[in-house]
Amino acid sequence: FLRVRSLSMTSLNGLPQWEDEDLPVEDLLLFEVAWEVTNKVGGIYTVIQTKAKITTDEWGENYFLIGPYFEHNVKTQVEVCEPPNPAIKKAVDTLKGQGCQVFFGRWLIEGSPYVMLFDIGSAAWNLDRWKGEFWDACNIGIPFNDREANDALIFGSLTAWFFKEFDDKPNLIAHFHEWQAGAGLILSRFRKLPVATVFTTHATLLGRYLCAASIDFYNKLDQFDIDKEAGERQIYHRYCMERASVHCAHVFTTVSQITAIEAEHMLKRKADVVTPNGLNIKKFSAMHEFQNLHAMYKARIQEFVRGHFYGHLDFNLARTLFFFIAGRYEYSNKGADLFLEALSRLNFLLRVHRSDVTVVVFFIMPAKTNNFNVETLKGQAVRKQLWDTAQCVKEKFGRKLYDALLKGEIPDMNKILDRDDVTIMKRAIFSTQRQSLPPVTTHNMIDDSNDPILNTIRRIGLFNNRTDRVKVILHPEFLSSTSPLLPMDYEDFVRGCHLGVFPSYYEPWGYTPAECTVMGIPSVTTNLSGFGCFLQEHVADPAAYGIYIVDRRYRSPDESCNQLTQFLYGFCQQSRRQRIIQRNRTERLSDLLDWRYLGRYYMHARHLALSRTFPDKFEMEPNAPPKTEGFRYPRPSSVPPSPSVSQHSSPHHSEDEDEDERYDEDEEAERDRQNIKSPLSLGTLPQRKKKQHGEYRN
């Protein structure tokens, strides 16, 4: 009999390490079930992939991931092997004996966890029978024409069948992610299988649909007729699968406080635990390495800009800032509508105040295209041709200069370039002339007349005119180092930019600003994103640390847009030194987002599920679950690096201001590190107690 007691814990580096005796992992098997295991669709893949290492470190050979089989994924990501555990081998062999293909192996990511992949197609002949069993279990019928829901049912039926093949020993914990995996949870509970279940919703089905419809979602949460809304969108059966999964689970978790509020109204259950999403943080041994990487990749982006704006390159690249927005092409959910409107206002402010700063904004949002457009490719070709011409002339110039110096002469600069060289240079200059404006998109869009981003650009008139201080480039494709246009991976591109802008209306967590933070790049987020709420709880002055949080919950769209515009304009006023100081602070926040810290909430959810499923073996003293609140980074003692947004009409600050001289980075960084380690309570986590001679001891 195990008793699990509350333990007040410290934050981040000060967290007590779990000892082996905390949970008898040798007597337990942990399964994590998701449609995105080895199968990249969206953010859940990132959650599972990055969390695998800390979970494997805790559970060792007793941790398994379950997902769907796709041949191309297995060939590139999985090393097939035999199950090491006899109980699992027996269950797998049973399924194979009944004609269902099961692939077992190691997923080739950090931590190398075991994966079990079910071939949906090989078991599809059972679909009608399983639909009947599912109806008997929960009275949910699935239409024949919804391929995704049918596949989810086959996947769930195989998962529940697999769990049924285990004996009572060892105890099982199964953690299901999202509605696609939920059928397995519902069937396991209906069949009364001895499995402790956890269900995590990363975003509610209805929430995403309703927000996309431009409804004032968060202020009308209690007014929706949920069944009617789901029915009108023809997702009622999916919604029922999601809601049944939530109510069947022993423990229900969401990824953020904002999603917990949404789930309580949409799915009618309060979250037991909030499990924020983390990342694997790899610190550079050299403190300023990330600053060097920023400079290196910024130079690569500058090269692209030189080509894209050939013939119109009358702005100073040394005074040019690169902003970007990236993610799924959900125009209003991801805040592209608000961002474009703010850019129009920013352009006006920069022009009125005669600023010498130029802002180049990239939209990295995949859409349907017919490949690169000719004008964009031509720009890069012209740039390369100019570079080759310059190198050729430089070589001849250098040779003549060298010969003259060897003879002890100072060369006549009028003769060192002959007529042919001047002709070559003039032809190169003429080749840079263009009749059209630099394109606002790099690709030929398939339906450009109905594209919401392009239509908004047309409405606000941001066409990359010479007089515009804000230039726009829509890149409707994910970035790749093999692209002939902008040959950079996403991570390298982010490092080269100055600011990521993600003013999302619907963002249950928000990996994009989190990734910026880890790389030391400031970002804009909102108080409707899980990430934004999380940072508000932990950082006293987020803007000083390079996290600008737009209020989209309690302000009107116009007020939110003005606030975003002021954030952007304030950022444009910063000196280079102020931006460097800010990036140092931003990068220091990365400790907050480390799985070594945030993984504790998943541990708590598993403990809670065990105590509710097997109360005769595990007991948890009643207490509140750990909260993501608890300690806050204080406001930096030096003056914040960005000028106050209320003084938006003031000129930009000089490079050598008194306030910057008061900034001591090492001292400030050490203060932050001490603050992280200080024993401030972050809530509670359970700890195992052993019974000895009738007494409990720690």
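**View 1. Helix 7 and its buried residues.** In this predicted model, helix 7 spans residues 205-212, and its buried residues are L205, L206, G207, L210 and C211. Buried means under 20% relative accessible area, exposed over 50%, and partly exposed in between (1.4 Å probe, protein chains only). Helices (H or I, at least four residues) and strands (E, at least two) are DSSP runs, numbered from the N terminus. The cover over these buried residues includes helix 6 (178-190), helix 8 (226-232), helix 9 (236-248) and helix 10 (257-266). Just past helix 7, S214 adopts a positive phi of about 60°.

Residues are numbered from 1 along each chain as its sequence is written. Local features need pLDDT of at least 70, side-chain atom pairs count only at pLDDT 80 or more, and totals for chains, interfaces and linings use all residues, while side-chain values use heavy atoms, with hydrogens and water left out.

View 2. Two strands pair if DSSP finds at least two bridges between them. Strand 5 (residues 102-107) and strand 6 (residues 114-118) run antiparallel, joined by five bridges. Within this pair, G105 has V115 as its bridge partner.

**View 3. Strand 9, covered on both faces.** In strand 9 (residues 251-254), V251 and T253 lie on one side, F252 and T254 on the other, and all are buried. In a regular strand, side chains alternate between the two faces of the sheet. Strand 8 (residues 195-201) runs parallel to strand 9, with four bridges between them. V198 stands opposite V251. Two bridges pair strand 9 with strand 10 (residues 273-274), also in the parallel sense. T254 has V274 as its bridge partner in strand 10.

**View 4. T389 in helix 13.** T389 belongs to helix 13 (residues 374-406). T389 is buried, at 15% relative accessible area. Beyond its neighbours within four places in sequence, T389 contacts I424 and A428. Contact means heavy atoms within 4.5 Å. T389 and A428 are 39 residues apart along the chain, yet their C-alpha atoms are separated by 7.3 Å.
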